[in-house]
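Reader: I would like to learn how to read a few features of a model. Could we take them one at a time?

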Amino acid sequence: MPQQPEPALTHRMVPSPAGRIHLVEQGTGPLVLLVHGFPESWYSWRAQLPALAAAGYRAVAVDVRGYGRSSRPEDIAAYRMLELIEDNVAVVHALGERNAVVVGHDWGATIAANSALVRPDVFRAVGLLSVPYTPRGGPRPSEVFAGMGGDEEFYVSRFQEPGVAEAEIEPDVRGWLAGFYAALSADTMPPGDAPDPHFAGRGGTLRERFPTGRPDWLGEEQLDFYAGEFERTGLSGALNRYRNMDRDWEDLAAFDGAPVTQPSLFVGGSLDASTMWLADALAAYPTTLPGLSASHILDGCGHWIQQERPDEVTRILTDWLDSLPG
């Protein structure tokens, strides 16, 4: 028999509380919603879309509110977690589906986990890449981050004040993104005895600590795409996610300490600070993710996990999806 043609990659706009969400879909079957992190795009899932489609899934990667061709509200509070959860629900319903598996990377992992937590009626399983699930709790987030780094400023704190990070990034979006991606990639991240690129010296910038090399996964085509998106949109929509962490802490008070009980998956990189710093969260998974099917730490992998190790991550995702109850 002749080989069946690969299903086409389709771009769509669907209505959401933000106004519109841009998504890219491929394949037919059970819906798998893919949610990216900072500073990324639907394009971060370019390797997974065709592979999941070929495996019998309807793979859908969104531009999160504030990114790409999705709506970018001006109000900073419009980027709070509850709003992003409702965007995900709106996408599922706009696609004519009742439920979905949600998979996220970086901030997308936190959005995915909270989508499953708040709307278990819609999200039947959750996959988390790079950033472990940590239930709401503890002190106000801004207070925690302000206490990190001593005389240095943690990048999350730096991103809090509107305009500060934009002033560093937007004069040379392409150069800043290339350095940021390199700083967190396994093959280009600074050695352990170098100044940590997650922090800026007082009066300094994050970029001055970024490496100058280019990771293997980031060719000219890939950097052109990311730089083009952020040169067109600016960075405020993306950065506004960080500026709502205290609002999220308040909004989600009713879920303090709550576990995500649906079937779940975690995949992290052994060299990723997000995974290493949150080792206690991984250790707490029997309590916080009681439905955890599998947890994988990829040796020698950095933060951009589905781009650094596309085949391995795709295989793990597909095997997990195939194991879920119908």
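Reader: Which residue meets Glu250 in a salt bridge?
Author: A salt bridge here is a side-chain nitrogen of Lys or Arg within 4 Å of a carboxyl oxygen of Asp or Glu. Glu250 pairs with Arg140, at 2.8 Å from N to O. The two come from distant parts of the chain, 110 residues apart: Glu250 belongs to helix 10, and Arg140 to the loop between strand 6 (123–129) and helix 4. Helices (H or I, at least four residues) and strands (E, at least two) are DSSP runs, numbered from the N terminus. This is a predicted model, in which local features need pLDDT of at least 70 and side-chain atom pairs count only at pLDDT 80 or more, while totals for chains, interfaces and linings use all residues. Residues are numbered from 1 along each chain as its sequence is written, and side-chain values use heavy atoms, with hydrogens and water left out.

Reader: How many salt bridges are there in the whole structure?
Author: A search finds 22. Another one joins Arg80 and Asp251, whose closest N and O atoms are 2.8 Å apart. That pair also links distant parts of the chain, 171 residues apart, with Arg80 in the loop between strand 4 (58–62) and helix 2, and Asp251 in helix 10 (residues 245–251). Salt bridges can also form a network, as with Arg12, Glu25, Arg58 and Glu97.

Reader: Is Arg80 buried, exposed or partly exposed?
Author: Relative accessible area sets the class: buried is under 20%, exposed is over 50%, and partly exposed is in between (1.4 Å probe, protein chains only). Arg80 is partly exposed at 24%, and Asp251 is partly exposed at 27%.

Reader: What is found in helix 2?
Author: The expected span of a helix is 1.5 Å times one less than its number of residues. Helix 2 (residues 81–94) has 14 residues and reaches 20 Å from its first C-alpha to its last, close to the 20 Å expected. Its buried residues include Met81, Leu84, Ile85 and Asp87. Just after the helix, Gly96 has a positive phi of about 80°.

Reader: Which residues touch the most other members of the largest nonpolar core?
Author: In soluble globular proteins, nonpolar side chains tend to be buried together. A nonpolar core is a set of buried Ala, Val, Leu, Ile, Met, Phe, Trp, Tyr and Cys residues joined through side-chain atoms within 4.5 Å. Here the largest core has 96 residues, and those touching the most other members are Phe38, Phe123, Leu128, Phe159, Trp176 and Leu177.
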